[in-house]
Amino acid sequence: GLRAAQRAGVKLPAMPHVPGLGAMLGGLRAGQALQGFESPMTRAEAKLILNLRDANPAKDSIREAHRKLLVANHPDKGGSTFIATKINEAKEIMLGKKMA
């Protein structure tokens with residue numbers, strides 16, 4: 001692999017620029033790092049997870065965002081149970097069923 005080649009002293013070319021890679025990584029900009037989830041989840045983080053832009057989104061928009069994300073990430077369809085749990089937790093926080 002790459003590490004074995006580097007240890008052997010093989011010079012590898014620099015990684016090419018891939019347009020749109022930032023969008024695939026959730027819109028990260030230069031200098032931003034990937035971060036984990038907060039514990040306990042905050043209302044701001046719940047809005048980010050559900051991709052809600054409004055300051056006070058309506059219950060219907062929260063439920064719709066939750067439904068779309070869960071359909072795409074459901075464990076029965078190959079999604080992660082951890083991610084599904086975080087999506088559910090974000091919905092509960094935004095609907096006020098769980099305190100942030």
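Which helix has the lowest mean pLDDT among the elements of the protein chain, and which the highest? Keep in mind that you're looking at a predicted model. The lowest mean, 51, belongs to helix α2 (residues 21-24), while α4 has the highest, at 94. For the protein chain, the mean pLDDT is 81, with 78% of residues reaching 70 or more.

Let's start with α4, then, and see what sits against it. Find helix α4 at residues 59-73 and helix α5 at residues 81-94; their axes come within 10 Å and cross at roughly 175°. Angles over 145 degrees count as roughly antiparallel, so that's the label α4 and α5 get relative to each other. Now look at who touches whom. On the α4 side you'll find Ile62, His66, Leu69, Leu70 and Asn73, and they meet Ile83, Ala84, Ile87, Asn88, Lys91 and Met94 of α5. Sort the residues of this contact by type and you get seven nonpolar, three polar and one charged.

Next, stay with α5 but turn to another partner. Helix α3 (residues 43-50) packs against α5 at an angle of about 125°, and the two axes are 9 Å apart. That angle makes α3 oblique to α5. The crossing of these two helices is left-handed. From α3, the contact involves Arg43, Ala46, Lys47, Ile49 and Leu50; from α5, Lys86, Ile87, Ala90, Lys91, Ile93 and Met94 join in.

Terms used:
Residues are numbered from 1 along each chain as its sequence is written. This is a predicted model: local features need pLDDT of at least 70, side-chain atom pairs count only at pLDDT 80 or more; totals for chains, interfaces and linings use all residues. Side-chain values use heavy atoms; hydrogens and water are left out. Axes are lines fitted to C-alpha atoms, for helices over the stretch in contact, and angles run from 0 to 180 degrees between N-to-C directions. Helices (H or I, at least four residues) and strands (E, at least two) are DSSP runs, numbered from the N terminus. Angles under 35 degrees count as roughly parallel, over 145 as roughly antiparallel, 65 to 115 as roughly perpendicular and the rest as oblique. Contact means heavy atoms within 4.5 Å. Ala, Val, Leu, Ile, Met, Phe, Trp, Tyr, Cys and Pro count as nonpolar, Asp, Glu, Lys and Arg as charged, and the others, Gly among them, as polar. pLDDT is the predictor's confidence in each residue, from 0 to 100. A crossing is left-handed if the near helix is turned anticlockwise from the far one by less than a right angle, and right-handed if clockwise.
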